[in-house]
Amino acid sequence: MTIRHLALCLLATLFLAGCGPLVMIPGGELSGEVKPPPSDWSFTDEIDNVQLETRPEDPYSVNVWAVAANDAIYIASGDGADAGWAKNIAEDSRVRLRVGDDIYEMKAEQTTDEAELDAFLVSAQEKYDFEPDPEDREEAVLFRLTPR
């Protein structure tokens, strides 16, 4: 690799470190207009991916699916508690959710309530057109996002 390639890689890394997530690559602090959380999250039914920022002292952001159900907004980790962002939430529940250009300051609360999980799965199946694997239900971790 030439010095020019190394310099370009370094510049790209520095640029990405200060930005939101890029596809599957985690990012840093999210930018956008901070707004109060809405009482109705159904507008997110038309939005496939949102961005979640965790670890306020050293922001870490990822693209996630968000599902509106039971007048709440939910995110789930298919990797269970082992996902980096889920580990961050376990240490500090303060998160920021970016939907489009709007940012909502929220708190992520893990829920194991079967009724909430059922409602989430029904809404997720409708929104993303998939059939969940019963084994995934046991491994997944579900978070309800609530205003701070």
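Biologist: Leaving aside neighbours within four places in sequence, which residues is S123 in contact with?
Modeller: Keep in mind that this is a predicted model. S123 lies in helix α3. Once its neighbours within four places in sequence are set aside, the residues in contact with S123 are V67, A68 and A69.

Biologist: Is S123 buried or exposed?
Modeller: Happy to work that out with you. The cut-off for buried is under 20% relative accessible area. S123 has a relative accessible area of 18%, so S123 is buried.

Biologist: On to the rings: what kind of aromatic pair do W41 and Y104 form?
Modeller: The structure holds six aromatic pairs. In the pair of W41 and Y104, the centres are 5.1 Å apart and the planes lie at 80°. Planes over 60 degrees apart count as edge-to-face, so this pair is edge-to-face.

Biologist: How many residues apart are W41 and Y104?
Modeller: W41 sits in the loop between β1 (33–35) and β2 (49–54), and Y104 in strand β7 (residues 102–111). The pair links distant parts of the chain, with its two members 63 residues apart.

Biologist: And which class does the ring pair of W65 and F130 fall into?
Modeller: W65 is in strand β3 (residues 60–65), while F130 is in the loop between α3 (114–128) and α4 (134–139). Their ring centres are 6.0 Å apart and the planes are at 50°, so the pair is tilted.

Methods. Residues are numbered from 1 along each chain as its sequence is written. This is a predicted model: local features need pLDDT of at least 70, side-chain atom pairs count only at pLDDT 80 or more; totals for chains, interfaces and linings use all residues. Side-chain values use heavy atoms; hydrogens and water are left out. Rings of Phe, Tyr and Trp (its six-membered ring) pair if their centres lie within 6.5 Å; planes under 30 degrees apart count as stacked, over 60 as edge-to-face and the rest as tilted. Helices (H or I, at least four residues) and strands (E, at least two) are DSSP runs, numbered from the N terminus. Buried means under 20% relative accessible area, exposed over 50%, partly exposed in between (1.4 Å probe, protein chains only). Contact means heavy atoms within 4.5 Å.
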